[in-house]
Amino acid sequence: MAANKLYGIIYMSPLKLKLNIIDLKTQEIIETASSAVFVQEKHKSSIYRHELKKIVAALDGFLQLLKDYHITDYDFWANQQLVDDVSARYLSDQIYVRTELRVKWLNTSQITYYKTIATMECSKRFEDLSKDTIYLMNIGSATITLSKFSHQKFQTAWNIAIGYQELDDITKELQNMAGNPVEVVKDYIDSKFAFLRPEFNKENGNIHVFVQDSLVLNKLMDTDEDAKALQSISLKDFNTFADEAIDSPDQFLSQRLGIDESLVNRIVPDILLVRKLLKLAGSKELILTNMSVPDGIAMQIRNELGYLDIDLNDVILTSAENLAKRYLTNEKHRKSTVKFALHLFDQLKKLHRLGKRERLLLQIASSLDDIGNFINSHGHYRHSAYILQATKLIGLSDEENKIIADIARYHSVESPAFEQAHYRHIEADSQIIVAKLAAILRLADALDDSGKQKIQKISVSLKKDSLVITAASSHNLALEKWAFNHKAKLFEEVFGIKPVLKQRRIGNNG
């Protein structure tokens, strides 16, 4: 990608298609274009399939606009929250045949990541408020994500099992039933947020509530659709708007807000969700932001090109650290393993020929390889693998999550083999990544096999037929040497080089 040219970001959500043309140096949006709103099907997984003609027409228009700007650098992302893998492949092929555009599907954890980093960097005010505590809510198609920030850092995120698909279905069903549907939806929302009450009860100090990229609330509050600044709404003003909206007929709201009638059913659930969060947090103010997935994608690209000096991986690594703590892993052993694994990776670049993204995957796997001990130390690597298969780490693709799980599986005893279904079902390129990173992690794990951090540091010497790792330590390393020799077999098999562990004795003070 040429850094001195404009860049096009095409993003498809279950609501519509949008194109942003941005200046990578400044992140200024030069031009935007959108499709008409998709018809909201009862079964929302069918939206893309039933709107294929509209999708193709919009993409053709976007491509012409990009051509008019002489832009050759652009990509096409799409929200996969409501679409299964098979349907996504079918749709990808249908779109490619008609437009020659390849779709990059984003899962819920990736969407959360892009929205999170976009809001983190959207204004100085967010940075200032995060000195206290911020809860950022994003209402998605299939789930609600609530992210927490404090001490100016991302802390954690929760996926709440409720989204527009379910809320729309509930609202439509209640319209034909006796009783007050608002109260029923309110009770349902309360039940979904019940597990978070202890979280809010332990909070002290100021808590700020943010709601991100809500079409309905932005329209209700007259927020400029293309404005990226934060907009504050007092609790009093929000409740005034909310009470009026709840009591108004759907047709009136559709006309007043200028939104498609198929989206009117979202107004009451959005209001009730925000009210619930404001009540839990005890906040007197609501802050809205339009920062969305394309803004986060733009930030990621700008960061990779060196236009931003921030560590966007901190969100991903914090999520991994939270998972490691949840399963009570040994912190000192975890940090030692990560340190040695990354040192080996950095010193062996010519051998493994992997990049920054693979280094991040190794760092995550090194932090999480022992979480299976929480279930049982016997065969803990298998337990680690299926925990990771069931836990989608924020910011990682489905394929990257599979890679992490398989590295954890192979960090101890088992070795990758094609007859194993979990290994056979990852992509061919991913299989070699798993093998290389698992081989490196095994060596790093062996260097602290006792869990006592006997080795202070290591030096690495790569020779023609051997890899010599010299460990600086004043301790007896008999156990580490035995474990190293045992675990080095995978490295020799993958790289064709025999690892050798030597000791350089040092005084107790190093």
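Modeller: Accessible areas are worked out with the Shrake-Rupley method and a 1.4 Å probe, and for residues only the protein chains shown count as cover. With that in hand, the accessible surface of this protein comes to about 23500 Å², and carbon and sulfur atoms own 48% of it.

Colleague: What kind of model is this?

Modeller: This is a predicted model, where local features need pLDDT of at least 70 and side-chain atom pairs count only at pLDDT 80 or more, while totals for chains, interfaces and linings use all residues. Residues are numbered from 1 along each chain as its sequence is written, and side-chain values use heavy atoms, with hydrogens and water left out.

Colleague: How many helices and strands does the protein have?

Modeller: Helices (H or I, at least four residues) and strands (E, at least two) are DSSP runs, numbered from the N terminus. Here they come to 22 helices and 14 strands. The radius of gyration, taken over C-alpha atoms, is compared with a globule rule of 2.2 Å times the number of residues to the power 0.38. For this protein of 510 residues the rule gives 24 Å and the model has 25 Å, so the protein is as compact as a globular protein of that length. Along the principal axes, its C-alpha atoms fill a box of roughly 80 × 55 × 45 Å.

Colleague: What share of the residues counts as buried?

Modeller: Buried means under 20% relative accessible area, exposed means over 50%, and partly exposed is in between (1.4 Å probe, protein chains only). By that cut-off, 54% of the 510 residues are buried.

Colleague: And how should I read contacts? What share of them join residues at least 24 apart?

Modeller: A contact means heavy atoms within 4.5 Å. Take the contacts between residues at least 6 apart in sequence: 69% of them join residues at least 24 apart.

Colleague: Which residues have the most contacts inside the largest nonpolar core?

Modeller: In soluble globular proteins, nonpolar side chains tend to be buried together. A nonpolar core is a set of buried Ala, Val, Leu, Ile, Met, Phe, Trp, Tyr and Cys residues joined through side-chain atoms within 4.5 Å. The largest one here has 88 residues, and Ile-364, Leu-368 and Phe-491 have the most contacts inside it. Helix α21 (residues 428-446) gives the largest share of this core, 11 residues. Another core, of 45 residues, lies apart from it and includes Leu-196, Val-216, Ile-259 and Ile-267. Beyond four places in sequence, Phe-491 touches several residues, among them Leu-348, Ala-439, Leu-467 and Pro-499.

Colleague: Where is Asp-370 placed?

Modeller: Asp-370 sits in the loop between α17 (356-368) and α18 (380-390). Its relative accessible area is 14%, so Asp-370 is buried. Its contacts beyond four places in sequence include Thr-329, His-333, His-411 and Asp-445.

Colleague: Which residues does Leu-217 contact?

Modeller: Leaving out neighbours within four places, they include Phe-238, Asp-270, Val-274 and Leu-288. Leu-217 belongs to helix α9 (residues 215-220), and with a relative accessible area of 0% it is buried.

Colleague: Is Asp-311 buried or exposed?

Modeller: Asp-311 is exposed, because its relative accessible area is 53%. Look for Asp-311 in the loop between α13 (293-304) and α14 (313-326). Asp-311 and Lys-153 are 158 residues apart along the chain, yet their C-alpha atoms are separated by 11 Å.

Colleague: Last topic: backbone angles. What is phi of Glu-100 near?

Modeller: Most residues other than glycine have a negative phi. Glu-100 has a positive value, near 65°. Glu-100 lies in the loop between α3 (85-99) and β5 (103-106), and at 65% relative accessibility it counts as exposed. Gln-27 also has a positive phi, near 60°, and is found in the loop between β2 (17-22) and β3 (29-34).
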